[in-house]
Amino acid sequence: MTLAGSDRAKQDEERDMAAEHWTVRDIPPLTGKTALVTGGTSGIGYETALALAGAGAEVVLTGRNPGTGNAAVERIRAAHKGAVVCYEPVDTSNLALVRDLASRVKGRFKALDIQVNCAGLTRLSPRQVSFDGFEMQLAANYLGHFALTAHLLPLLRASPMARVVSLASIAHKKGVINFDDLQSERRYSPLGAYRQSKLAMLLFGLELNRRFVAHGWSQISVPAHPGLALTRIFRSALARRPLMAELVDFGIRLVGQSAAMGALPVLYAATAPDVKGGVYYGPKGFLDLKGYPAEARVWPHAQNRETAARLWDVSVELTGAHYEF
Ligand SMILES: NC(=O)c1ccc[n+]([C@@H]2O[C@H](COP(=O)([O-])OP(=O)(O)OC[C@H]3O[C@@H](n4cnc5c(N)ncnc54)[C@H](OP(=O)(O)O)[C@@H]3O)[C@@H](O)[C@H]2O)c1
């Protein structure tokens with residue numbers, strides 16, 4: 001079968017399965033709601049922004065590249081006539097730019113109903129350092145979102161039913177928070193740093209919900225993962241190895257799913273009425289790599305409250321972010 005043929009077959013298979021499962025058709029009306037989707041210019045984030053805007057939410061989507069950002073906005077407007085959506089630039093690895101983004105969002109919205117912490121990159125080789133001096137995957141995938149959420153807390157507070165959805169990954173299973181070398185200065189592994197950043201996102205998503213509960217807030221934090229989805233992320237990581245990138249895409253086509261399917265657990269976490277705070281959602285199918293949204297497995301080390309609290313304290317120290325509950 002050709003690649004186009006296999007993509008078509010996959011789309012047909014996904015359409016047949018969709019009849020019996022939660023899909024974008026089940027998103028409740030979101031008119032009057034506001035949403036922020038980081039990494040909304042591509043892949044999972046784009047599909048999330050598209051569906052939220054399609055359901056009537058006013059959406060701000062972010063990314064580093066204005067060309068891709070504005071093109072994403074145009075595609076969403078073309079798909080959903082009357083969609084209210086705009087692009088805001090940010091590099092989530094840069095704490096000053098994250099603070100600027102939060103200020104602009106505060107200028108635009110009085111309350112934030114849905115925050116999706118989705119921007120991410122993977123397997124950077126060699127090790128890169130962010131503007132603030134942190135290992136790049138930890139900075140862009142985790143620390144920036146930790147700070148952004150703190151800055152936006154007043155907006156979330158203004159929406160009693162607000163949800164914060166943070167993107168983790170099945171990669172958290174082998175993740176380790178290396179408190180002795182959090183920035184991977186002594187030993188760097190591209191995959192190890194990615195796993196650490198995604199475990200950090202899951203620990204954060206669960207800890208944030210515990211803190212909402214402890215402070216008597218009605219807002220919820222709901223971590224989610226997309227399984228294995230065909231997006232730009234692996235291709236970007238393999239930019240200098242195009243043949244390998246083709247192979248990886250081929251493998252994802254075989255065992256994974258489309259970006260639209262990968263976005264479903266995120267959309268479920270963000271909008272489904274029966275979602276509970278502090279529950280992790282992902283695809284329920286072959287090896288959790290694909291399928292329709294369901295409760296996902298949190299490996300024991302990601303449930304460790306001491307690790308989560310310690311990571312929180314370290315993150316406050318590193319980012320200077322202030323969570324005013
Ligand atoms: N695809 C999968 O199988 C998979 C599996 C598990 C988890 N995830 C997670 O899903 C999330 C989305 O990834 P994806 O697969 O949809 O990849 P993608 O297609 O490459 O999208 C990544 C998005 O993040 C943005 N981004 C990357 N680095 C950024 C930075 N430093 N600052 C601001 N924005 C940045 C990108 O925009 P710009 O490049 O324009 O900045 C883009 O909008 C990530 O958190 C990833 O870890 C994906």
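The following legends describe close-up views of a predicted model.

View 1. Six strands, in the order 3-2-1-4-5-6, form an open sheet with parallel pairing. At its edges lie strand 3 (84-89) and strand 6 (220-221), each of which pairs on one side only. Strands of a sheet pair through backbone hydrogen bonds, in either a parallel or an antiparallel manner.

**View 2. Pairing of strand 1 with strand 2.** Strand 1 (residues 34-37) runs parallel to strand 2 and is joined to it by 4 bridges. Threonine 34 has glutamate 58 of strand 2 as its bridge partner, and valine 37 stands opposite leucine 61 in strand 2. Strand 1 is covered on both faces: Thr34 and Leu36 on one side are buried, as are Ala35 and Val37 on the other.

View 3. Strand 2 (residues 58-63) and strand 3 run parallel and are joined by 6 bridges. Valine 60 has cysteine 86 in strand 3 as its bridge partner. In a regular strand the side chains alternate between the two faces of the sheet. Glu58, Val60 and Thr62 point one way from strand 2, while Val59, Leu61 and Gly63 point the other way. Strand 2 is mostly covered, 6 of its 6 residues being buried.

**View 4. Helices packed on the sheet.** Helix 3 (residues 66-79) lies across strand 2 and strand 3, and runs at about 175 degrees to strand 3. Helix 9 (residues 259-271) also packs on the sheet, where it touches strand 4 (114-117) and strand 5. The direction of helix 9 makes about 160 degrees with that of strand 5.

View 5. Leaving aside neighbours within four places in sequence, valine 59 is in contact with Ala35, Val37, Ala49, Leu52, Ala53 and Val85.

**View 6. The shell around the ligand.** Of the 31 residues around the ligand, those that come nearest are Gly39, Gly43, Gly63, Arg64 and Gly120. Two or more residues of the shell are given by each of helix 2 (43-54), helix 5 (136-157) and helix 7 (233-237). Helix 2 gives the most, with 3 residues. By type, the shell residues divide into 11 nonpolar, 17 polar and 3 charged.

View 7. Threonine 31 is found in the loop between helix 1 (3-18) and strand 1. Threonine 31 counts as exposed because it has 10 C-beta neighbours inside 10 Å, and the limit for an exposed residue is 12 or fewer. Glycine 56 is 25 residues from threonine 31 in sequence, with a C-alpha to C-alpha separation of 4.3 Å in space.

View 8. Arginine 187 lies in the loop between strand 5 (163-166) and helix 6 (190-214). Arginine 187 is exposed, since 10 other C-beta atoms lie within 10 Å. Arginine 127 is 60 residues away from arginine 187 in sequence, and the two are 9.8 Å apart in space, C-alpha to C-alpha.

Definitions and conventions. Residues are numbered from 1 along each chain as its sequence is written. This is a predicted model: local features need pLDDT of at least 70, side-chain atom pairs count only at pLDDT 80 or more; totals for chains, interfaces and linings use all residues. A residue is near a molecule or strand if its C-beta atom, placed from the backbone, lies within 6 Å of it. Ala, Val, Leu, Ile, Met, Phe, Trp, Tyr, Cys and Pro count as nonpolar, Asp, Glu, Lys and Arg as charged, and the others, Gly among them, as polar. Two residues are in contact if their C-beta atoms, placed from the backbone, lie within 7 Å. A residue is buried if 20 or more other C-beta atoms lie within 10 Å of its own, exposed if 12 or fewer, and partly exposed in between; C-beta atoms are placed from the backbone. Two strands pair if DSSP finds at least two bridges between them. Axes are lines fitted to C-alpha atoms, for helices over the stretch in contact, and angles run from 0 to 180 degrees between N-to-C directions.
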